[in-house]
Amino acid sequence: MFENLNWWEIGALLLLALLIFGDRLPAVISDGLRMVRNLRTMANNATTDLSRELGTDIQLEDLHPKAFIRKHLLSEEDEQAIRKPLQGVYDNLRADVTSVHNELKDVASAADLRKGGSRPTTATGGAPAPAPRPSYDDAT
């Protein structure tokens, strides 16, 4: 919640709260904490009542509509039937990406002269041949 605030901004907010509420600040903080505690208790009671009424075990995270439908209304076969058309597309895409990745690794290893060891040498086996430089005619 406060991850984008630095220490100066938090201090300024505390000073502002102290100026607004004055000596009532501890009472305001305790009232706020009591309200949060009551809201948490109400949410837990609501999930317990809902679990009891539906006859299943429901967690607070399951109250999202998509998660609720996936967990409590769809059977395993229904979920597989929904996923089946997309699974083939996913498998094909994954195979394509893997083949492109492997080709890029092959090209990178072929182009990396340091990894391969030595540079190409001359026909006499002497000093390494200089790398060919592109000419103006090749560029145009």
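Q: Where does helix α4 bend, and by how much?

A: Look at Lys84: α4 bends there by about 45 degrees, and a proline, Pro85, follows within four residues. Keep in mind that this is a predicted model.

Q: How far apart are the end C-alpha atoms of α4, and what span should its residues give?

A: Helix α4 runs over residues 76-111, and at 1.5 Å a residue its 36 residues should span 52 Å. The end C-alpha atoms are 49 Å apart, which agrees.

Q: Let's move to α2. How many residues does it have, and how far does it reach?

A: You'll find α2 at residues 25-54, which makes 30 residues. From first C-alpha to last, α2 reaches 43 Å, close to the 44 Å expected at 1.5 Å a residue.

Q: Which residues of α2 are buried, and what do they pack against?

A: Leu25, Thr47 and Ser51 are the buried ones. The buried residues of α2 pack against α1, which covers residues 7-21.

Q: What comes just after α2?

A: That's Gly55, and its phi is positive, at about 80 degrees.

Q: Now for charges. How many salt bridges does a search of the whole structure find?

A: First the general idea: side chains of opposite charge can pair when their charged atoms come close. In this structure, the whole search turns up two salt bridges.

Q: Which residue does Asp31 pair with, and where do the two lie?

A: Asp31 forms a salt bridge with Arg34, and their closest N and O atoms are 2.9 Å apart. Both sit in helix α2, three residues apart, or about one turn of the helix.

Q: Why do Asp31 and Arg34 count as partly exposed?

A: Partly exposed is the range between buried, under 20% relative accessible area, and exposed, over 50%. Asp31 counts as partly exposed because its relative accessibility is 41%. Arg34 gets that label too, because its value is 42%.

Q: And which residue forms a salt bridge with Arg52?

A: The partner of Arg52 is Asp49, with the closest N and O atoms 2.9 Å apart. Arg52 and Asp49 both lie in α2, three residues apart, about one turn of the helix.

Q: Are Arg52 and Asp49 exposed or partly exposed?

A: Arg52 has a relative accessible area of 56%, so it is exposed. Asp49, at 35% relative accessibility, counts as partly exposed.

Methods
Residues numbered from 1 in each chain as written. Predicted model: local features only at pLDDT ≥ 70, side-chain atom pairs only at ≥ 80, totals over all residues. Heavy atoms only, no water. Expected span 1.5 Å × (residues − 1). Buried < 20%, exposed > 50% of the residue type's maximum accessible area, 1.4 Å probe, protein only. Contact = heavy atoms within 4.5 Å. Salt bridge = Lys/Arg side-chain N within 4 Å of Asp/Glu carboxyl O. Bend = angle between axes of the 7 residues up to and from the residue.
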